[in-house]
Structure formats: structure tokens, C-alpha cells
Amino acid sequence: MTAPQERESLYGLLPGELETLLAELGAPRYRADQVLHAAYREFAESFEAMRQLPAGLRTALAGRLDLSPAREVRRVASDDGLTTKLLLAMADGTLIETVLMQYPPSKPGGRRRSTVCVSTQAGCAMGCVFCATGQMGFERNLAAGEIVAQAVHVGRLLRERGEHVTNIVFMGMGEPLANYAATVKAVRILTDPRCFGLGQRHITISTVGVIRGIDRLAGEGLQVGLAVSLHAPNDALRRRLVPTAGPHSVREIMAAAKRYFERTGRRVTFEYALIAGENDSDETAGELARLVRGTGAHVNLIPVNPTAGGFRRPARQRVLAFERILREAGVNCTVRVEKGAEISAACGQLRTDEAGRALIAPGEIPVREGASAPARGLLRRRPSPAPSRSR
């Protein structure tokens, strides 16, 4: 007996690929636009709901494609309601994390920005000592459709509020450039006007410093932002924090960032997780300033999430002193306003919390309202002690 054909995710198909499949099914090419509009504009959750399609075609598509591969297992929200963390189960049961971060309008009457932080892997092989995801090890790569499905899931959630996704950051679980093909395909689907339709400049890909991947990305003809998790201005310190870093990783990263800027015209951001007693001294700040000064790059200082054993967030005064040294040296830098610390928004934390719980049945989604203080922690992937914001 022939085994049943495994269904591919609709969210993993570019428009041309969907047109090819429809041709195989004997349907005209214009049906592709109807399917994509229903999936990405109406957020249809089944092919049966696409009533503009003939019944036979709906049935045929349902037999070949999967339209809803992600199941929400758990949801937690911050005190102020601006950060929502989702634990999602893929079709095979793999658990991954996705975070929605919202920011108040920059001017009266404006719309608030809604950024989705997506995961590209279940677990991570980079082993950053202060990152929760890095400490859980590597499970598997996510397919492009599984990455896109995270944005679609949040898009549905926002539509209920009369809002929409404005930005996407590849800063969740995993190293995007270690899952290169799926990451780039997901970007193309998310930015295709017939699919999710987000502008390329509204997407940022974060990497711990996969040099070959940075160079490949620079040649893709994409206008996405690049964020590199640097965390140290010298190789000895960086290898202590990022065990997989090479012996000359700092020099190689700086050179790759320069090549990326020259080829794309897009400024590179260096992510720097500030860890008390590790990389937050005045001397280290001076060394970082000398390394970055004159490159045109931006430095994002991220006080590490205080959840990993042995790692602490520097005192506020120390963070400001570190920032001041960089600014006085002419380095463009900011201290990240963190969001969601009280709901374990750093990568890997929610999944780790869930490890000791039985999976919640669909529909049973407890929303915990965080503690009492306003949300101040972000969710960067690499920047969190054991976890990281969302890179």
C-alpha cells in the first residue's frame, strides 16, 4: 500500500510555486491570486473557507497543502498588554516561540508599531552561555512555511484588534543564517506583495556571526536589516560568551559587516548583551568604542535578562556609564528598552517553563498578566542570560 503523501504548507510556497501546483490540478493561474488573498489578507484557516474557489479545487488543495500548521499551546501577556509571547506547536508537535512586541504611536493619532519576533529553529546549536535557547541544544531547523506561519498567526491575532503586523525580526529561537535557505525563502514570501506583503526594510535578520551566511545574504538583492550579536570587543571574551566563535571572530565579523554595508547600503547593528562583571567595564566599553568607531554601525546595548544561572544584569548606573563612554567616542548607540521580562519573553524561557507542564489543549490558553512593575524587558534572542531577547 502506498503511504499517504505528506502535505506541504501553503505558507512555504512562493506565488510561482503555487501556480505550478494549480496547473497540475488543472486550475487556471488566476486561482493563485484568489488563494493567496484568502490566506494572507483574509487569514482563512481552511481551504473550505475559500468560497471563491470551486468545491472540487478546494478539496484538491486540502489534499495537497496544509493551511494551519501552527497550534497555539500557551499565551502570556505583559502588564501593559504591549508584549505577547506565544508557544506554538508545529504539525509534528515541535514547540517554538513567537513574540509580539507593540510600541505606542510616535505621534498623536498615529498607529502603534507591531513587531513580530519569529523563530527559525527549534533550539539552537550556537551555545551562547547566557541564552536559554542556546543552552537547550539544537532540535531541528524550521521549514520556510513554519517561519511564515508564525507571522500569519500573529496577523490573525492583530486583525481581531483592528491592527496589523508592521515589522518582523528574525530574532527568536535559533540562528537564522544556520538555516539559510528556509530563512531567505521565508523573507521572500513575507515580502512578496501577493503573499504577506511586508516591505523588505521592515524586516531584520539577526545572527551570532555566521560569516558565510552574512556574505550570501549581502548578495541576495534584499533590503533587509542585519543585526550581529557581538557581545564582546575581543576574541578571548567573545569565545567565553559564545563558545562556537572562531579564534578571529571579532575581526571577521567587522569585515563581514563592512562588506554587507558596501553591497546593500544598509547599516549594520551590533547587538551587545551587557552582563554584570563579564563585559560591562569601562575598559571594555573603551575597547568596543575603538572597534566600532568610524564604521557607521549602530550599537544596541541590551542588559541581559536575569534568568540564567550565574549571569546578572548590570546596575542601571553601570549601563548608563557604558553607554556614555561609547557616545563620547562618537559611536551611535542606544540602550534597548526591554519588553516582557515579567513574562519570560526572552527566547527559550517560555518553552523551558512549559517543559514541566502538560501540553494545554487547544483553546485552553492561560494569559498571565505579568507582575506589578511595567514591562521593561524586551525579548531579544541572543541577549538574555540563558535566554536572550529574541536574538
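The model is predicted, and in it the protein has 12 helices and 14 strands. Of its 391 residues, 57% are buried, and among contacts with a separation of 6 or more, 69% are between residues 24 or more positions apart.

**Helix α5 on its own**

- Helix α5, which runs over residues 144-159, contains 16 residues and spans 23 Å from its first C-alpha to its last, close to the 22 Å expected at 1.5 Å a residue.
- Most of α5 is covered, since 15 of its 16 residues are buried.

**The packing of α5 and α6**

- Helix α5 packs with helix α6, residues 180-191, at an angle of about 45°, and the axes of the two helices are 8 Å apart.
- The handedness of the crossing between α5 and α6 is right-handed.
- On the α5 side the contact is made by Ala144, Ile147, Val148 and Ala151, while α6 contributes Ala182, Thr183, Lys185, Ala186, Ile189 and Leu190.
- Sorted by class, the residues in this contact of α5 with α6 are eight nonpolar, one polar and one charged.

**Two residues with a positive phi**

- As background to the next points, most residues other than glycine have a negative phi.
- Phe43, although not a glycine, has a positive phi of about 55°, and this residue is found in the loop that links α2 (30-40) and α3 (55-64).
- The relative accessible area of Phe43 is 11%, and Phe43 is therefore buried, given that the cut-off for a buried residue is under 20%.
- His231 is likewise not a glycine and has a positive phi of about 70°; His231 is located in the loop between β11 (225-229) and α8 (235-241).
- For His231 the relative accessible area is 0%, so His231 is buried.

How values were computed: Residues numbered from 1 in each chain as written. Predicted model: local features only at pLDDT ≥ 70, side-chain atom pairs only at ≥ 80, totals over all residues. Heavy atoms only, no water. Axes fitted to C-alpha atoms, helices over the stretch in contact; angles between N-to-C directions. Helix = DSSP H or I, 4+ residues; strand = E, 2+ residues; numbered from the N terminus. Left-handed = near helix turned anticlockwise from the far one by under 90°. Contact = heavy atoms within 4.5 Å. Nonpolar A, V, L, I, M, F, W, Y, C, P; charged D, E, K, R; others polar. Expected span 1.5 Å × (residues − 1). Buried < 20%, exposed > 50% of the residue type's maximum accessible area, 1.4 Å probe, protein only.
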